Amino acid sequence: MSITSAGAPVGADVSRRREVRKVILSSYFGTTIEYYDFLLYTSAASLVFGPVFFSNLSASLATILSFTTLLVGYLARPVGGVVFGHFGDKLGRKKMLLITMGLMGVATALIGLLPTYSQAGSLGAVGLIVLRLVQGIAVGGDWGGSASLSVEASEEGKRGLTASFVNMGAPSGAVLAALILALFGLMDDEAFLTWGWRIPFLLSAVMVVIGLKIRMSMSESPLFEEVAEQQEEKQEKEKQEAPIVAVFKNHWRAILLAAFGTLSAFALQGLLATYALTLGVEAGGHSRSTVLVAFAVASVLQVFGLGFYANLSDKIGRRPVMMLGAVLGIVSAYPIFWMVQQGSTPLLYLAMIIGMPIVQAAIYGPSAAFISEMFATKYRYTGSSVGYQLASTLGGGLSPLIAATLAAAGGFAPVTWYLMAAFAVSLFIVWLAKEGTQIELNEGLTTTP
């Protein structure tokens with residue numbers, strides 16, 4: 001089902017298309033700001049937090065602990081997905097998206113005010129963990145709502161492309177985070193580690209005001225309102241299961257398919273945003289700014305890659321496109337990280353470009369529609385949130401910590417073997433999944449246990 005219908009009057013059709021564009025732009029810009037906050041932390045975990053909050057430890061141990069705080073945020077994301085998904089399916093998508101935006105902005109700005117280890121001992125690290133938890137809960141509750149809104153507002157035959165604008169917010173936010181951090185990274189080490197790194201976090205307070213204004217202009221999903229009205233009438237006759245209960249009881253298979261089918265995209269994204277930065281600086285001899293700008297350039301191209309692959313998935317199906325991405329990932333995992341450590345700037349850029357707009361985008365581009373189509377409207381926010389955030393936690397959250405541990409024991413080669421295994425898992429799971437391009441959104445692929 002789409003927001004338009006063949007029998008609609010021309011004026012109504014134009015008005016609805018205008019609303020579709022508004023939802024797309026609102027979801028995109030809102031998600032961009034959310035992911036600026038979340039991915040700014042990711043880059044800072046690789047370049048800043050070790051020497052700032054764990055300066056009493058060796059460099060390798062400080063890096064591992066820094067990536068552990070990164071993992072904390074990812075572990076909190078499924079919690080945010082469950083909580084906000086439940087209320088998003090009960091009360092509406094828009095209300096929850098405003099709350100998640102506010103939480104994310106406040107937490108990020110406060111990180112920029114934390115004391116360092118030399119100023120307050122372990123207090124700064126404790127505060128970092130708490131605020132990272134808040135970030136994780138906020139972003140965990142955000143994606144499912146944005147994806148649900150976009151899919152439910154899509155025009156006929158354009159679900160994948162429409163929903164991909166939500167995912168485009170991630171690389172767009174990464175570009176903002178990387179460029180701003182790279183700008184301040186041009187400072188000398190002492191000034192950057194003393195106060196320069198704080199400014200990008202404090203800027204979040206300004207961005208969140210813009211984001212809230214954009215999201216307040218969004219309309220609620222018309223498909224959700226239609227189903228909510230039907231549910232209200234039905235509840236008068238019989239007791240209804242809560243979305244959380246229904247999803248975990250009846251649709252756990254879909255959650256696992258969604259999570260493991262997209263896990264490798266998050267693993268690669270996480271490694272390129274953290275481990276590759278460290279590898280490029282320490283083994284490749286690149287400056288912080290050089291690696292961050294290369295990452296930013298690849299992220300810009302990734303926006304277009306996501307749209308390309310999502311549009312292709314509308315034409316030939318989600319499964320063929322995502323399986324292609326998994327195969328490309330298996331083949332290119334080793335060359336990508338080999339090029340990062342060679343000390344060649346052209347090879348560094350090539351590695352980032354192969355990794356993000358070519359490989360990662362092939363799986364991540366169609367993923368918003370792939371996941372959302374698995375769940376009927378009354379459970380979509382909850383089900384898609386849990387599936388997506390589980391993938392994000394297992395892939396993006398664990399990958400940097402696993403990479404740091406494997407690299408400390410055997411260099412970059414074991415890291416690539418781990419990544420190849422993740423792509424193999426996604427290839428198998430997507431092959432098992434059903435194609436969702438032709439299903440009705442009110443039905444989903446999981447309306448029965």
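Which helix gives the most to the nonpolar patch? In this predicted model, the answer is helix 3, which contributes four residues. The patch lies on the surface and is formed by Val79, Val83, Phe87, Leu91 and Ile137, which together have about 390 Å² of accessible area. Of these residues, Ile137 lies in helix 6, which runs over residues 123-152, and Ile137 is partly exposed, with a relative accessible area of 30%.

**The protein as a whole**

The protein is built with 20 helices and zero strands, and 59% of its 449 residues count as buried. Among the contacts with a separation of 6 or more, 86% are made by residues 24 or more positions apart. The accessible surface comes to about 16700 Å², and carbon and sulfur atoms account for 68% of that surface.

**Helix 12 and its neighbours**

Helix 12 spans residues 243-250, and its buried residues are Pro243, Ala246, Val247 and Asn250. Seen down the axis of helix 12, these buried residues fall within an arc of 100°, so they line one face of the helix. They pack against helix 3 (59-91), helix 13 (252-273) and helix 19 (377-410); helix 3 is also the element that gives the most residues to the nonpolar patch.

**Two buried loop residues**

Glutamate 373 is found in the loop between helix 18 (367-372) and helix 19. Glutamate 373 has a relative accessible area of 1% and is therefore buried, the cut-off being under 20%. The side chain of this glutamate takes part in polar contacts with the side chains of two arginines, arginine 159 and arginine 318, as set out below.

| Side chain | Partner side chain | Polar contact |
|---|---|---|
| Glutamate 373 | Arginine 159 | 3.2 Å |
| Glutamate 373 | Arginine 318 | 2.7 Å |

Methionine 187 lies in another loop, the one between helix 7 (159-185) and helix 8 (189-196). Is methionine 187 buried or exposed? With a relative accessible area of 19%, methionine 187 counts as buried, because the cut-off for that class is under 20%. Leaving aside residues up to four places away in sequence, methionine 187 touches Phe192, Trp195, Gly196 and Arg288. Tryptophan 197 stands 10 residues from methionine 187 along the chain, and the C-alpha atoms of the two are separated by 9.7 Å.

Key
Residues numbered from 1 in each chain as written. Predicted model: local features only at pLDDT ≥ 70, side-chain atom pairs only at ≥ 80, totals over all residues. Heavy atoms only, no water. Buried < 20%, exposed > 50% of the residue type's maximum accessible area, 1.4 Å probe, protein only. Arc of directions from axis to C-beta. Contact = heavy atoms within 4.5 Å. Areas by Shrake-Rupley, 256 points an atom, 1.4 Å probe, with all protein chains shown as cover. Patch = residues over 30% accessible without salt bridge, like charges linked within 9 Å, V, L, I, M, F, W, Y side chains within 5 Å. Salt bridge = Lys/Arg side-chain N within 4 Å of Asp/Glu carboxyl O. Polar contact = N/O pair within 3.5 Å; in protein donor to acceptor, adjacent residues only side chain to side chain.
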